[in-house]
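Try each task before reading its solution.

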Amino acid sequence: MDTNVTDSAGTPIGPADRAGDEGAIDAVSESAAPSTSGAAGTDKAIAAAGTDKAMAAVGTLTAGESAEAAGTGGASRTATATAPAATTTHATAADTTESAEPAAATTLAEPPNRTRHWVRWAAFGTSLVVLAAAGAAWWSYRELDSNITTDTTAAAELETFEQERPTPIALDAQNILILGSDTRAGEGNRKYGRDDGGSQRSDTTILLHIAADRQSATAMSIPRDLMAEIPNCRRADGTRSTAQFAQFNGAFTIGGAACTIRTVEKMTGVRIDHHMILDFSGFKSMVDAIGGVEVCLKEPIDDADAHLKLDSGRQKLDGEEALGYVRARKSIGDGSDTERMERQQQFLGSLVKKVQSNGVLLNPAKLYPLLEAATKSLTTDPGLDSLKELYDLAQSVRSIPTEKVQFLTVPRQPHTANRNRDELVQPAANRLFGQLREDTPITVLPQDAETESGLPDANASGSPSPATTFTGTNAAVGMCK
């Protein structure tokens, strides 16, 4: 019988209409995807962590899975919709059953593609792993970044006296003042002595000059006992000191980093671009982070004040032992601060050599512990108070050859009025300061290359000269030959 089956509206249903119903299945699948793609919206919440691309991939996969589910559901709804079409006033029951069977067959003709489903889930899992790794990296970055303390007080003081500060000459060179604070305040520092109400001194002060071409670096130590002109400085309680001629490390006690920077700039004429303050805990943690530093001792050391007892010969010092070694004074050599600075320079040279030889700056697994140790005990100016800025600085100097990383002490001698204090040796000191200001190459020779007078081999002219040499060491030498 050629009776046509009609839908509820009385419109005949033919083969072309059934094909349209099958197309509707795809249309439902496509329209279902946006309804669930809100899951991909979570990438906005994680975009700040730098993982928006990974999260967008996760969102796309989620939307795809939702679309597939919507497609299956849509097919079921289409089959259900064809069933009422068989209930007409012009068709027999047999005809209705016969007409409804193709719709059911259409639904069952699309079994799930298990291979494609498995690939999608594998991609989804991979995206989650990438997302987790990116999230962990972002969390680590934020933690390290937040460890750094910004010295806003020094920045404000220096801005107040901007007019009296030296004008930079070599603009691409960097001059960084590194201060080793002996404060007993803070975690891990109290066992090294009594905390005098939070007071601090700087037993170690190094002016690090990084050449504009990034092919050399010179670290100049300034003796703590050097007599210097200290300007009027802002104290911690807000009052101001008077200008005075006093022991150099008194500047840090009076007015912290800002007072020390102004004292160094007045003495050398070198513009200080940045400063760093590192305490006891930070120093020893950095040494531990790179697995210790090797030293060679000519004689055993037993220093109760420095908490240090070592045998002679070659050995590796951990952080605690290294801290005692660079602090020890009275029990080693002649007990002078000058000799202690020489040991500090040799140790820092060995530390630089160890970092470069182990590829720490190129290996994230080794670099992270070092950065964590450094940032926890590091105070810097606003120009260096982020992990990115510190990392960029480290990357700019990592290719400097170890023999071009030089250490020396400003030319000094016992003060004529007090043998327990130091004074500058002129004109050698001014020549050195001039070379630092103008970014002129500096030649540093070992102790056995000194002139007969024991002073740097400086020429008689008053202008800086590349031929001028100074006594010191470099990172390539280290402490063990």
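## Exercises on a predicted model

**Exercise 1.** Lys266 is a residue of helix H7. Classify Lys266 as buried or exposed.

*Solution.* Keep in mind that the coordinates are those of a predicted model. Start with the relative accessible area of Lys266, which is 56%. The cut-off for exposed is over 50%, so Lys266 is exposed.

**Exercise 2.** Find how far apart Lys266 and Glu164 are in sequence and in space.

*Solution.* Along the sequence, the two residues are 102 residues apart. Then take the C-alpha to C-alpha distance between Lys266 and Glu164: 8.9 Å.

**Exercise 3.** Describe how the axes of helices H6 and H7 cross.

*Solution.* First, locate the helices: H6 covers residues 152-160 and H7 covers residues 250-268. Next, their axes come within 7 Å and cross at roughly 40 degrees. That angle makes H6 oblique to H7. Finally, the handedness: the crossing of H6 and H7 is right-handed.

**Exercise 4.** Which residues of H6 and H7 meet, and how do they divide by class?

*Solution.* On the H6 side, take Ala154, Glu157 and Leu158. These meet Ala257, Ala258, Ile261 and Arg262 of H7. Sorted by class, the contact has five nonpolar residues, two charged ones and no polar ones.

Terms used. Residues are numbered from 1 along each chain as its sequence is written. This is a predicted model: local features need pLDDT of at least 70, side-chain atom pairs count only at pLDDT 80 or more; totals for chains, interfaces and linings use all residues. Side-chain values use heavy atoms; hydrogens and water are left out. Axes are lines fitted to C-alpha atoms, for helices over the stretch in contact, and angles run from 0 to 180 degrees between N-to-C directions. Helices (H or I, at least four residues) and strands (E, at least two) are DSSP runs, numbered from the N terminus. Angles under 35 degrees count as roughly parallel, over 145 as roughly antiparallel, 65 to 115 as roughly perpendicular and the rest as oblique. A crossing is left-handed if the near helix is turned anticlockwise from the far one by less than a right angle, and right-handed if clockwise. Contact means heavy atoms within 4.5 Å. Ala, Val, Leu, Ile, Met, Phe, Trp, Tyr, Cys and Pro count as nonpolar, Asp, Glu, Lys and Arg as charged, and the others, Gly among them, as polar. Buried means under 20% relative accessible area, exposed over 50%, partly exposed in between (1.4 Å probe, protein chains only).
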